Amino acid sequence: MPTLRLEKLTKSYGDVRAVREASLAFEPGKIHAVVGENGAGKSTLLQMDAGIVVPDAGEVYVDDARLAPHTAAEAIARGVGMVQQHFALIGVFTALENVMLGAEPMTSFGRLDDARARSKIGEVAREIGAELPLDALVETLGVGDRQRLEIARALYRDARVLVLDEPTAVLTPAEAQALYATLRRLAEAGRAIVVVTHKLDEVRDHADVVTVVRRGEIVVTRPLKRGDDDEVRALSAAIMGREAPEPIARRATEAGDVALRVDGVRLGRALRSVSLCVRAGEIVGIAGVDGNGQRELVRVLAGIEEADAGSVEGGPVSVVHEDRRDEGLVLDATVADNLVLGELDRFARFGVLDGDAFDREVAARLASAGIVPPDPTLPARSLSGGNQQKVVMARAIARTRLAARVLVVAHPTRGVDLGASRALHEQLLDAASRGIAVLVVSADLHELRALCDRILVMARGAIVADMPPTATDRDLGAAMLGAPAA
Amino acid sequence: MKSAGLLSTVTGLAAAWIAFTLLVWLYGESPRELASQLFDGTWGSAYGAGQVIFKATPLLFTGIAVDLALRAGLFNIGAEGQLAVASLAAATLGAHLGAGVPAIVAVPLVVLVAAVAGATWAGVPAVLRARFGAHEVISTIMMNRIADSCVALAFANGFAIKGTVRTPDIVSAARLPKLERAVHAFHGSAASVAIYIALGVALLVGAWFRRARLGRELVLVGKNPRACAAERIPVPRRLAQALLLSGAIAGLACLATVLGYKGYYESGLGAGAGFGGLAVALLGRGHPVGLLLAALLFGTLQQGGLAINGRVPMEVMDVLQGVVIAAVALADARVRASLARMVGKARPA
């Protein structure tokens, strides 16, 4: 018997139909993957499951009883838990407080019953098969721990259906493996697990059932032959509605002079001593577990933070920041304003904007980036994640056609689908072929291998290894965990 | 967005009407009769309409000022103090201009000094914000208190005519003509051409937000300062500029009171216009027409209070102003978001 069932769900935003008559059932004991391109409607579909978004038509059933009222609170009370892509934890609270928040057990005198919460979370932790650092402040925890905490929070509320949106986007390969082991354990305990993902390798290796969503409609739901490579090809064809493109191949280019030289840069405790150089036309990758100083390095290179010691030579530098929603975009401003954010002085004469020049530049960037829908007047918030990333990239790439000689990109395709990833990668390769020095920070080793001439590994605020793109996962992984460089 | 704005405005007006009915009924009067009396005393006659315009003019200036800061994500609670200091500066200069200075020189000069004085008063919070990140709500409120004291101090030390709390008369060349000179029907009302200047400023600021680099960047900074900083927009400087401009425009409100009405500055002249500007900005929602309508609404309520004063206390209208502000603020997502930012240090990790 399905635990969660969707009946002909339909949802539109303005003229855009995000989901159309989607019917689907999630069964206990199964890991159910939902795949599709950016903007295909996956997120909307799942947010309707979790009661967060109210459908225009159609119904959600939990254990054959209709979800009514259609609210997140009701969904949680009925056992539907959601782990969002952007974690909803409070940094200055401890892990324990975050898990309890909103569902605090009370003593009969109306005081918080810490002991009872602790013992219940202990059970949850045993089920997940992981230690939870209950008394640590969340802001001191790594991404993997935060995610386990989100899962623990859902289980603490007795979730029988667990929906995860892009859970491995921020995890290293080892952490992702551990996550799926946890999910398998939860499924075997009788829970229904739903995973939205772009990573078809993961679907192949871990899912029991897959649903493909394309343009708001469900194309197919079927069981998977686990571990079968043909499945990946079949799925990507189903997702795109055509055969998957060939993977990109790095063209060998002649590297020029050193265009970016970083020498002994220190910053607080985040960067101990970072030295690296990137030549014109070269693409250099930085691999590493999140939180090992990559973010701070990018901020220093961007000139937002002043290094405590050391020097950065070269530039001007064009930067794509790690967090596109917070640092990359003004979400409530138009796509046009975002495409030229920080460049208004170029269009101003005596402080007054030249509207025609502005519109021309925006139209050019919009077209070359292939942003959908191609309407510069929409708020950036209304775009899908992949298209938001295209906006940020288009801005950075355009600057390499102006003054910038160095392009620094953090996580170019995080949470971005296959088709869009490919387009973004091609733009990076193109920039390099024009003689731009490119530095790519990513947690995705496939991506780094495909793009880079060299891969630097960062651990605990320093570059610990310099490897060729042919290095194995094992070698890179060992270096990422901080093993001394060979 | 547009319909949400309309909704909160309608909510505000509906709430005001209910409160009006209730209060008047509690005083044992007929709401219908009083409503008609209120209308007769405001829009029902040319004189009443002129008085509404007169009351609305400083509110429009301060409303534009508060709105400008609000778009950059700042709450300028200090329009009150900025206006007081600007009034004192403008009146003092206006009184000491030589008799031979023509109006074409005198008026722009006094207007400029008013703007500079308002900006100077806002400059302290602006620098505190840009340099040290001090919250402008706290510092502008404190500057209001300091302005009160400074004006009193100035009056006691030679700025006022001895034994009074008012400045000498400004020269006639620096005065703004009343509307009654152009439209005879306005005879007796205190409305002056300051309203035209206020309208011009409203339109200019509206265009400035769309077409000027600085205005456009201020809006972006107001929406996400972190992204702007990441793209090398000098956020602290932009915030300071927004407060300075806001203070300058708040200072201009003295055009309606000092230059267009009294011809001198006295203790308490224009008081309340600074806080009224907060209400106008909340109701006007960043549009010149919206700001004008909001200023006229509050001008109507103020003038209406005088019209019905014989039967119910005019403070009833103050209550209504409060009701409108509270209802609109609660229905306004912008305000809710700003409040959440101010209260909530607990950001999601």
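At what angle do the axes of helix α8 (residues 213–223) of chain B and helix α10 (residues 235–252) of chain B cross? The tour below leads to the answer.

This is a predicted model, in which local features need pLDDT of at least 70 and side-chain atom pairs count only at pLDDT 80 or more, while totals for chains, interfaces and linings use all residues. Residues are numbered from 1 along each chain as its sequence is written, and chains are lettered from A and ligands numbered from 1 in the order in which they are written.

**Select chain A.** Chain A holds 16 helices and 21 strands; helices (H or I, at least four residues) and strands (E, at least two) are DSSP runs, numbered from the N terminus. Its C-alpha trace spans about 65 × 50 × 50 Å along the principal axes. Of its 486 residues, 47% count as buried, that is, with 20 or more other C-beta atoms, placed from the backbone, within 10 Å of their own.

**Select chain B.** Here the secondary structure amounts to 15 helices and zero strands. Along the principal axes, the C-alpha atoms of chain B fill a box of roughly 60 × 55 × 35 Å. Buried residues account for 52% of its 349 residues.

**Select α8 and α10 of chain B.** The axes of these two helices come within 10 Å and cross at roughly 110°; axes are lines fitted to C-alpha atoms, for helices over the stretch in contact, and angles run from 0 to 180 degrees between N-to-C directions. α8(B) and α10(B) are therefore roughly perpendicular to each other, a term for angles of 65 to 115 degrees. Now display the side chains: B:Leu214, B:Glu217, B:Leu218 and B:Val221 in α8(B) meet B:Val235, B:Arg238, B:Leu239, B:Gln241 and B:Ala242 in α10(B). Residues are in contact if their C-beta atoms, placed from the backbone, lie within 7 Å. By class, this contact of α8(B) with α10(B) has six nonpolar, one polar and two charged residues. Ala, Val, Leu, Ile, Met, Phe, Trp, Tyr, Cys and Pro count as nonpolar, Asp, Glu, Lys and Arg as charged, and the others, Gly among them, as polar.

**Select both chains.** The contact between them takes 21 residues from chain B and 29 residues from chain A. On the side of chain B that touches chain A, the elements giving two or more residues are α8 and α9 (225–230) of chain B. α8(B) supplies the largest share of that side, six residues. The residues of this side of chain B divide into eleven nonpolar, one polar and nine charged.

Conventions: Buried ≥ 20, exposed ≤ 12 C-beta atoms within 10 Å, placed from the backbone. Parallel < 35°, antiparallel > 145°, perpendicular 65-115°, else oblique. Contact = placed C-beta atoms within 7 Å.
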